[in-house]
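This report describes a single protein chain. Please look at the sequence and the structure before reading on.

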Amino acid sequence: MAGFLEDDRPAPKRAHEIGQDLSTLAVAELDERIALLRQEIVRLEQARAHKAASRSAADAVFRLKG
């Protein structure tokens, strides 16, 4: 029986972990992480705005009934 098959696929890039050691990362890797985190911040802000709008709409409906 054959041994383990080698996987030629590249390992998936790990996402940034808060608090991780940055000393081993190159400047280009730091730039990639910064871009990734900025995109995540935008995504979080959009989700927050959506939830705030939903909350405001619900509050308005309940104020009319109250």
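A helix here is a DSSP run of H or I with at least four residues, a strand is a run of E with at least two, and both are numbered from the N terminus. The side chains of D59 and R55 form a salt bridge at 3.3 Å, N to O. The term salt bridge requires a side-chain nitrogen of Lys or Arg within 4 Å of a carboxyl oxygen of Asp or Glu.

D59 is partly exposed at 31% relative accessibility, while R55 is exposed at 58%. Buried means under 20% relative accessible area, exposed means over 50%, and partly exposed lies in between (1.4 Å probe, protein chains only).

## The model and its chain

This is a predicted model, in which local features need pLDDT of at least 70 and side-chain atom pairs count only at pLDDT 80 or more, while totals for chains, interfaces and linings use all residues. Residues are numbered from 1 along each chain as its sequence is written, and side-chain values use heavy atoms, leaving out hydrogens and water.

The protein chain has 1 helix and 0 strands. Of its 66 residues, 3% count as buried. Its accessible surface is about 6,600 Å², and carbon and sulfur atoms account for 60% of that. These areas come from the Shrake-Rupley method with a 1.4 Å probe; for residues, only the protein chains shown count as cover.

## The other salt bridge

How many salt bridges does the structure hold? There are 2. Side chains of opposite charge can pair when their charged atoms come close. E40 and R43 pair through their side chains at 2.7 Å, N to O. They are 3 residues apart in helix 1 (residues 27-65), so about one helical turn separates them. E40 is partly exposed, at 30% relative accessible area.

## Around H16

H16 sits in the segment before helix 1. Leaving aside residues up to four places away in sequence, H16 touches L22, R33, L36 and L37, where contact means heavy atoms within 4.5 Å. H16 and L36 are 20 residues apart along the chain, and their C-alpha atoms are 8.2 Å apart.

The H16 side chain makes a polar contact with the side chain of Q20 (3.3 Å), and also with that of R33 (3.3 Å). A polar contact is a pair of N or O atoms within 3.5 Å; within protein, one must be able to donate a hydrogen and the other to accept it, and residues adjacent in sequence count only if both atoms are side-chain atoms.
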